[in-house]
Amino acid sequence: MLLRKLSMAAERVPPRLLSGLLALAVLLLLVGSAAAGRVTLPLLAAMGEIAAGQSTPGSIILLELRLPRALLGGLVGASLGLAGAAMQGLLRNPLAEPGVVGVSGLAALGAVVAFYTGLSARFAYALPLGGIAGAFAAVALLYALAGRRGGLLSLVLAGMALNSLAGALTALALNLSPNPYASFEIVFWLMGSLADRSLFMVALAAPPMLLGWLLLARAGPALDALSLGEDTARSLGFDLGRVRLRIIMATALAVGAAVAVAGVIGFVGLVVPHLLRPLVGHRPGRLLLPSALGGALLVLAADIAIRLLATGPELKLGVLTALLGAPFFLWLVVRLRGEEG
Amino acid sequence: MRLAGQKLTVRIERRALLERVDIEAHGGELLGLIGPNGAGKSTLLRVLAGLQAVDSGEVACDGQPLGRLRPRERARRIAYLPQDGEVHWPLQVETMVALGRLPHRRVWGADEERDRTAVERALAAAGVTALRHRRVSTLSGGERMRALLARALAVEAPVLLADEPVAALDPYHQLAVMELLHAAAGRGAAVVVVLHDLGLAARFCDRLVLLHEGRLLAAGPPGAVLAEDKLRHAYRVTSLRWRHDGRECIVPWQRCDGDAAAGS
């Protein structure tokens, strides 16, 4: 009873306040991410050195290691959180998450193929493009298999099929790899990490991600309308064909680019929208911006945590989010099954 | 306001769901759409709402073909309440009803006074103001239907189309919903409602349209449309009928085809 009262009260949090607080936290963690690591950087000094054009250890660490890592954490997290919220709104299903339903898996496959065929060596953009192509195929297939009626079971089954497909084809690629080191590298990359990425990677991934965000920025009202089903949404003046295509494209752009540079970081798009949904009155359209910010927050925090945790070899980010996210997913499935009766 | 469909034909895999159906709905009138299962009532309603493409024929809203209206403009003129009434997230009644204002709002627009008052009017008209903070998922069948109806009323469109809004309700709520639709017509809207209950159709509707196997069998005042021979032909039932307060009263009584004869 108390919990219900609390959640009802939480729905009256003004949306601007919520997003403002989340944005502030993201900014703080961006700074924290730039500072955190084996050596704690005196940030201001390092920034001064960069501004002065000096090449000191501090400025090099900041510019070539920490800055890209922090920026990618924010970009990748926001993309995953946003994509999760958008997919859940489109499919009207709280379990739709890029990692869980195979979108990240197929995006990874796309990137692996780009890597494998040597395309990415000749043309750097082939990597994110491969990821985006894989993600697009996945979301489109998912919608075709489970999008119309929004049933829980059909979505999970479709996701399982896509995940298996992605797994099988990726395994095939690794299996046929002529160079064991290359496949070793791919396996590690698949685990998902933001470590040792360059600013070039940021420049590679940021444009498609931003384009995806931009496409989703106007999708809010349509997602709200879709919570009443497709016919009602259309009767409220939304051209569903265009809405669908826009959201599928946007998700593919954001997730594909994120996976191409950071590997598979699962469950962000599941946990974040789920936790924030009550705070926006369960409206799928209102959930988009907070989910993007929350996703950035979660990934930045997790990425700082693995640097601070003294595990032998650094824990991979994707491993940590999976360790936290999988039990959450399990709990959610049990709860939703209870609701479905 | 006048919503008119002419020679509406819908075919799916060469089977005709609707065959050259003419229909007209006028402002201030409650029009009942009746007919046995599979007669094409819901299809016709979706065509009128602009949700279902036709193979031939045309629907016009005050003389303007629906197909030429932008979706948003169409949405402001025609509110549609589907049969299943799905609500996918645990939305509060108030939030769900406010979705009816989407055709009037800009993408980034905040709540405008006009939208807020429209939502209040709709909540009050449907008698769900007291339920405004309840989650739709926790409502009873009758409450839920009234809340969904409030969502459709919140559009404040001159045309309201409702697909079997009373099908799953107890008699009290059936009457409540029919009164609501009647009141909406009284306020000037053209209301078209798909009904299975012939008694309610006779009691509340100003005019009826009877469909049978995708064709128009009869249209006109309830007394004429619900004539015994037409019901036998369309529904294969006999009926009891009498008049009360100048209104036709009707209760389906007995099946009257080969099956019924064999059974008795």
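Start with the core. Select A:Ala86, A:Ala258, B:Leu33, B:Leu161 and B:Val191: of the 197 residues in the largest nonpolar core, these touch the most other members. A nonpolar core here is a set of buried Ala, Val, Leu, Ile, Met, Phe, Trp, Tyr and Cys residues joined through C-beta atoms within 7 Å. Buried means that 20 or more other C-beta atoms lie within 10 Å of the residue's own; exposed means 12 or fewer, and partly exposed is in between, with C-beta atoms placed from the backbone. Now colour helix 4 (residues 57-91) of chain A, which gives the most to this core, with 16 residues. Helices (H or I, at least four residues) and strands (E, at least two) are DSSP runs, numbered from the N terminus.

A word on conventions. The model is predicted: local features need pLDDT of at least 70 and side-chain atom pairs count only at pLDDT 80 or more, while totals for chains, interfaces and linings use all residues. Residues are numbered from 1 along each chain as its sequence is written, and chains are lettered from A and ligands numbered from 1 in the order in which they are written.

**Chain A**

Centre on A:Ala258. Leaving aside neighbours within four places in sequence, A:Ala258 is in contact with A:Val76, A:Ser79, A:Leu80, A:Ala205 and A:Met209. Contact means that the C-beta atoms of two residues, placed from the backbone, lie within 7 Å.

Next, select helix 7 (residues 126-146) of chain A. How far apart are its end C-alpha atoms? They are 30 Å apart, which agrees with the 30 Å that 21 residues should span at 1.5 Å a residue. The expected span is 1.5 Å times one less than the number of residues. Of the 21 residues of helix 7 of chain A, 17 are buried, so the helix is largely enclosed by the rest of the structure.

**Where the chains meet**

Show both chains. 21 residues of chain B are in contact with 22 residues of chain A. On the chain B side, helix 2 (residues 71-77) of chain B supplies the largest share, four residues. By class, that side has 14 nonpolar, four polar and three charged residues. Ala, Val, Leu, Ile, Met, Phe, Trp, Tyr, Cys and Pro count as nonpolar, Asp, Glu, Lys and Arg as charged, and the others, Gly among them, as polar.

**The four-stranded sheet of chain B**

Four strands of chain B form an open, antiparallel sheet in the order 2-1-4-5. Two strands pair if DSSP finds at least two bridges between them. Strand 2 (15-26) and strand 5 (64-65) of chain B are the edges, each pairing on one side only. Strand 1 (residues 2-12) of chain B pairs with strand 2 of chain B over eight bridges. Pick B:Leu3: its bridge partner in strand 2 of chain B is B:Ala25.

Follow the hairpin between strand 1 and strand 2 of chain B to its turn, where two residues lie between the strands. B:Glu13 sits there with a positive phi of about 50 degrees. With 4 C-beta neighbours inside 10 Å, B:Glu13 counts as exposed.

**The six-stranded sheet of chain B**

Six strands of chain B form an open sheet of mixed pairing in the order 6-7-8-3-9-10. Strand 6 (78-81) and strand 10 of chain B stand at the edges with a single partner each, so one side of each has no neighbour in the sheet. Strand 3 (residues 30-34) of chain B runs parallel to strand 9 of chain B over four bridges. Look for B:Gly32 opposite B:Leu208 in strand 9 of chain B.

Go to the loop between strand 9 (207-212) and strand 10 (215-220) of chain B and select B:Glu213. Its phi is near 50 degrees, a positive value in a residue other than glycine. B:Glu213 is partly exposed, with 15 other C-beta atoms within 10 Å.

Now take B:Val194, in strand 8 (residues 190-194) of chain B. Buried or exposed? B:Val194 counts as buried, with 25 C-beta neighbours inside 10 Å. B:Asp163 is 31 residues away from B:Val194 in sequence, yet their C-alpha atoms are 4.9 Å apart.

**Last stop: helix 1 of chain B**

Seven of the eight residues of helix 1 of chain B are buried, so the helix is largely enclosed by the rest of the structure. Among them are B:Leu44, B:Leu45 and B:Val47. Just after helix 1 of chain B, B:Gly50 takes a positive phi of about 80 degrees.
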